[in-house]
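Trainee: I am new to this structure and would like to know what stands behind the words used for it. Can we go through them one at a time?

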Amino acid sequence: MKSLVLAEKPSVAKEIARVLGCHQKQKHYMEGPGYVVTWALGHLVTLAEPEEYDPKYKSWNLDDLPLLPSRMKLKIIRETTPQYKAIAQLAKRSDLEQLIIATDAGREGELVARWIMEMIHWKKPFKRLWISSQTDKAIRDGFASLKPGQSYDPLYRSAVCRAEADWLIGLNITRALTCKHNAQLAAGRVQTPTLAAMMDREREIKSFQAKDYWMLRAQFGSFQAVWRSQAHPDGRLFDKAAADALLERLNKARSAKVAQLKVTEKSEPHPLAYDLTELQRDANKRHGFTAKQTSNVLQRLYEQHKLVTYPRTDSRYLSSDMVSTLPDRLKALNVQPYAAWIKPLLSKPLPVSKRVVDDSRISDHHAIIPTDERPQLHNLTAEERKLYDLIVRRFIALFTPAFRYDETSVTLEVGGEYFHAKGRIVKEAGWKALYEASAGADEDDDTAEDEPASRQTLPPLQPGMELKEFRLSQHKQTTKPPGRYTEAALLAVMEKHNLGTPATRADIIEKLLQTDTIERRMNTLQPTGKGAQLIELVVPELRTPELTAAWEQELERISKGKGDAGKFMESIRKQTDAIVREVKASEAEYKPHNLTHSRCPECGKPLQEIKSKRGKLLVCSDRECAYKRAAEPALSNKRCPQCHKRMEIHTGKAGKYAQCRPCNVVEMLGESGGGGRAAKRQQTQLAKQYSDNVSLGSSLEEALKAAMTKHKKD
């Protein structure tokens, strides 16, 4: 008898089949002496669309809402039907005694497999392969210690609840807003509070009023100190006259006296290992990667190159049973440019602390670390190399000493006022030596410029010492508004408020971008005019992170067998009904922010400019009208005979034509590409179409010029 192994992707199935000795390759599976390995293509099964409950729901109608099916239906995804049918056929084989779920070891992977099992009516026993890396050893060890399938029933229930909640909330609120305001408006239980957080920051920025302030600094040879007092602990003076008077008074002082001197030994322990969110933040700060970009690159490092452990983790710790594997992982990294760090670590027992290994801080998966595969760095793309380098350096840092330094704080008295300075002497670079630049600087700290550099080196000083040489100066500065969120900062906000999970946060940000609700500007994210209006149209309880965070926490409880899935879904249905009723009763109005001066040729309403993967589009503002066209015309290889620039391609009733707008030159683009009577006839038709005041007996050039003039006016 054999086991049927279900992987999530063909690439993973191929590796599992190789390790298990399944060498008979078929179109939809691979077979060996003891196993038949097949695969999904991501999801093969999903929740049914509204029209599959009743055909009338194909049309969006406010009166039909809310849609609250008593039992959610599943459907096979049309594009992947052949693979599904192949799995269903395999399930009928009498020589298969059990199913082994080998999809990704997480909530989403569990859902992929269980929905397929439900649709093919799998009744035989099943087990679970639960591994955190894709190396040959991990796969062999995993198959040697398969888990009972039923052990993951709570995880499956949690996954179903999440999928159904997103369907009920997202579909109903999106249809309600779209029908109510006749505009494509999308909302959801995670994306809406995320947008609300961005709008809160936007309001802070807009309401901010900049103020000038002055600071006094003293230069004592090689170091600098800043004035502070009890009344002004941050050293800021918002009264220019007071700042001038203080400077004038202190300039009369002839010397400065060391009033207080304190030397403190400080240390910074190594940072914790990466979870997905922290890695996405760091990759954004250091390399400008988007969260989605990091997820995609990380998946390749995990699946294709087998160089890192399971990516979608929310833990920053390792488990105690991994300690014995750490030396082998370090040995695999004994290559340039890491060899100089690895060799000293391998020469003695590894210092494994509670900051590295803590079983109590791990849920499904441990932190992201390198596997014991020796990296072939030349086979990695530039993106893969950068991300892998972050993971490797963070992993090495786990076994590297703390960054230790002496911090000297000095207070100097000048004319009865006090100036403060800090200096730093590095005693042991420790883990920071792994990084060229300083790690851990807070990019959002807007007070940094008000402080003299705390890393400056102070000369030997003694309490009571007098300094004769110093120079006072006054610096005018302006308060700054809070900055817009970078992707790293937004991920931190989402994590803080429990919005989404490490596995879903990148997709939430991308969804907001794709729906033109937010936009990227340089390295920051900010709401669009559409997003600003949408947040006002959405019911208040959906804007706040508290409700969504409570849902996420309950989903987590369900996944651990502590929550009640039935009660959770009952609360979701009640909430959905309340939200739809509020939208129906609302008197708010939506005014598209991206209307153009162009009119729809089919219904006469204004066209909206929207962004798509293929560039900007002009779409009719009436949702019922399907008209759309490219906002930026494609360019032909034909050059304008006057300015020699490439001409735009347009399509008229007479066919395609090339046009240079600045020079008002038009040439037909016939199917044959030539001239002749047919081309001339097309050009004449074009002239007729766009001109009602030229004689067709006049020159063709004049006729076409007049035609295009008419076209411009239209």
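Mentor: Start with pairing: two strands pair if DSSP finds at least two bridges between them. Strands (E, at least two residues) and helices (H or I, at least four) are DSSP runs, numbered from the N terminus. This is a predicted model, in which local features need pLDDT of at least 70 and side-chain atom pairs count only at pLDDT 80 or more, while totals for chains, interfaces and linings use all residues. Residues are numbered from 1 along each chain as its sequence is written, and side-chain values use heavy atoms, with hydrogens and water left out.

Trainee: Which strands form the open sheet, and in what order?

Mentor: The order is E2-E3-E4-E1-E7-E8-E9, 7 strands with mixed pairing. E2 (24-25) and E9 (147-148) each have a single partner strand, so one side of each has no neighbour in the sheet.

Trainee: What makes E1 and E7 a pair?

Mentor: Strand E1 (residues 2-7) and strand E7 (residues 96-102) share 6 bridges, in the parallel sense. The rule asks for at least two, so they pair. Val 5 has Ile 100 in E7 as its bridge partner.

Trainee: Why is strand E13 called largely enclosed?

Mentor: Buried means under 20% relative accessible area, exposed over 50%, and partly exposed in between (1.4 Å probe, protein chains only). In E13 (residues 403-414), 9 of the 12 residues are buried, so the rest of the structure largely encloses this strand. E13 runs antiparallel to E12 (residues 256-268), joined by 11 bridges, and Thr 264 stands opposite Glu 407. E13 also pairs with E14 (residues 417-428) over 11 bridges, again antiparallel. E13 and E14 form a hairpin with 2 residues between them, and Gly 415 in the turn has a positive phi of about 55°.

Trainee: How do you know that Arg 281 touches Ala 488?

Mentor: Contact means heavy atoms within 4.5 Å. Arg 281, in helix H8 (residues 276-287), touches Ala 488, Leu 491 and Ala 492, not counting residues up to four places away in sequence. The backbone oxygen of Ala 488 lies 3.4 Å from a polar atom of the Arg 281 side chain.

Terms used: A polar contact is a pair of N or O atoms within 3.5 Å; within protein, one must be able to donate a hydrogen and the other to accept it, and residues adjacent in sequence count only if both atoms are side-chain atoms.
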